[in-house]
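The sequence and coordinates are shown first.

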Amino acid sequence: RSDRFPLEKQRIARAAAALVQENETVGFTAGTTTTLVARQLLHRKNLHIMTNAVNIAMELSGNAAPQTTLTGGSLRWANAFSLVGPGAIEALGVVVMDRLFLGATGVSAERGVTVIQPDEAAVFRTMVRQARQVVIVADSSKMGLVSPAVVCTPNKIDLLITDNGISEEAKGAFAATGLKVLVV
């Protein structure tokens, strides 16, 4: 998946990382685009990162900054880095994130953010509840798609960052819900 739309995902990651301010607690769900956003913060100081993504925690662990917390949980799928289950949900319940970068397999104006696995959606929903600002980072190929497990409805999203491949129809549908879209 990381080989799909690499230039678009890099642009999205740079725009997303530019939102992060010093002394924030920043959440990252597992995902290829969220991983790229986290890499942009590798040398930033005075940040606390909260993630359920083993790969994000591992990449950030090679550096003293930022401070990184990995949820507990179980790895349930081959080649997936997403920790899920009660351990992950419990760990997230005691933290408030200033900003959450949320990945998705589908983003639609009707259904909101969706992913494939219900267990992963449950963890992501908890992250959404614990965040002051929810930022979707998803390339345009995911716009209008709906996967089986709902993470959140459009009214829970503060900002969608996507690439310039998004259709005018999709932009209009998101605008009608009041969702702010940043195209990079």
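## Basis of the model

The structure is a predicted model. Residues are numbered from 1 along the chain as its sequence is written.

## Salt bridges

Side chains of opposite charge can pair when their charged atoms come close. Five salt bridges are present in the structure, and three of them are described here.

Glu24 and Arg99 form a salt bridge through their side chains, with an N to O distance of 2.5 Å. This pair joins distant parts of the chain: Glu24 lies in the loop between helix 1 (6-17) and strand 1 (25-28), and Arg99 lies in strand 6 (residues 97-102), the two being 75 residues apart. Glu24 has a relative accessible area of 10% and is therefore buried, the cut-off being under 20%. Arg99, also with a relative accessibility of 10%, is buried as well.

A salt bridge also connects Arg39 and Glu59, whose closest N and O atoms are 2.6 Å apart. Here the distant parts of the chain are two helices, with Arg39 in helix 2 (residues 32-40) and Glu59 in helix 3 (residues 54-61), 20 residues apart. Arg39 is partly exposed at 44% relative accessibility, and Glu59 is partly exposed at 32%.

Asp98 and Arg132 meet in a further salt bridge, at 2.6 Å from N to O. Asp98 belongs to strand 6 and Arg132 to strand 9 (residues 131-137), so that this pair links distant parts of the chain, 34 residues apart. Arg132 counts as exposed, because its relative accessibility of 60% lies over the 50% cut-off.

## Surroundings of Arg99

Which residues does Arg99 touch, not counting residues up to four places away in sequence? They are Leu19, Val20, Gln21, Glu24, Thr25, Val26, Gly27, Gln133 and Val135. The side chain of Arg99 makes a polar contact with the side chain of Glu24, at 2.5 Å. Arg99 is thus described by its place in strand 6, its burial at 10% relative accessible area and its salt bridge to Glu24.

## The aromatic pair

The structure contains one aromatic pair. Phe28 and Phe101 are its members, and their rings are stacked, with 5.4 Å from centre to centre and 25° between the planes. The pair spans distant parts of the chain, with Phe28 in strand 1 and Phe101 in strand 6, 73 residues apart. Phe28 is buried, with a relative accessible area of 0%, and Phe101 is buried at 0% relative accessibility.

## Nonpolar cores

The largest nonpolar core has 32 residues. Within this core, the residues with the most contacts are Met97, Leu102, Val113, Ile136, Met143, Val151 and Phe174. Two or more residues each are contributed by helix 4 (86-92), strand 6, strand 8, helix 5 (118-129), strand 9, strand 10 (149-152) and helix 6 (168-176). Helix 5 provides the largest share, five residues. Apart from this core lies another, of 23 residues, which includes Val20, Val26, Ile49 and Leu159.

Val113 is located in strand 8 (residues 112-115) and is buried, with a relative accessible area of 0%. Leaving aside neighbours within four places in sequence, Val113 is in contact with Leu102, Gly103, Ala104, Gly106, Ile136, Ala149, Val150, Val151, Cys152 and Ile157. By C-alpha position, Val113 and Gln40 are separated by 23 Å, and they are 73 residues apart along the chain.

Ile136 touches Leu102, Val107, Val113, Ile157, Leu159, Leu160 and Ile161, again not counting residues up to four places away in sequence. Among these, Leu102 and Val113 are listed with Ile136 as residues with the most contacts inside the largest core. Leu159, also touched by Ile136, is one of the residues of the 23-residue core.

## Burial in helix 3

Which residues of helix 3 are buried? They include Asn55, Ile56, Ala57 and Leu60. The elements covering the buried residues of helix 3 include strand 1, helix 2, strand 2 (48-51) and strand 3 (67-70). Helix 3 also holds Glu59, which is partly exposed at 32% relative accessibility and pairs with Arg39 in a salt bridge.

How values were computed
Predicted model: local features only at pLDDT ≥ 70, side-chain atom pairs only at ≥ 80, totals over all residues. Heavy atoms only, no water. Salt bridge = Lys/Arg side-chain N within 4 Å of Asp/Glu carboxyl O. Helix = DSSP H or I, 4+ residues; strand = E, 2+ residues; numbered from the N terminus. Buried < 20%, exposed > 50% of the residue type's maximum accessible area, 1.4 Å probe, protein only. Contact = heavy atoms within 4.5 Å. Phe/Tyr/Trp six-rings, centres within 6.5 Å; stacked < 30°, edge-to-face > 60°. Core = buried A, V, L, I, M, F, W, Y, C linked by side-chain atoms within 4.5 Å. Polar contact = N/O pair within 3.5 Å; in protein donor to acceptor, adjacent residues only side chain to side chain.
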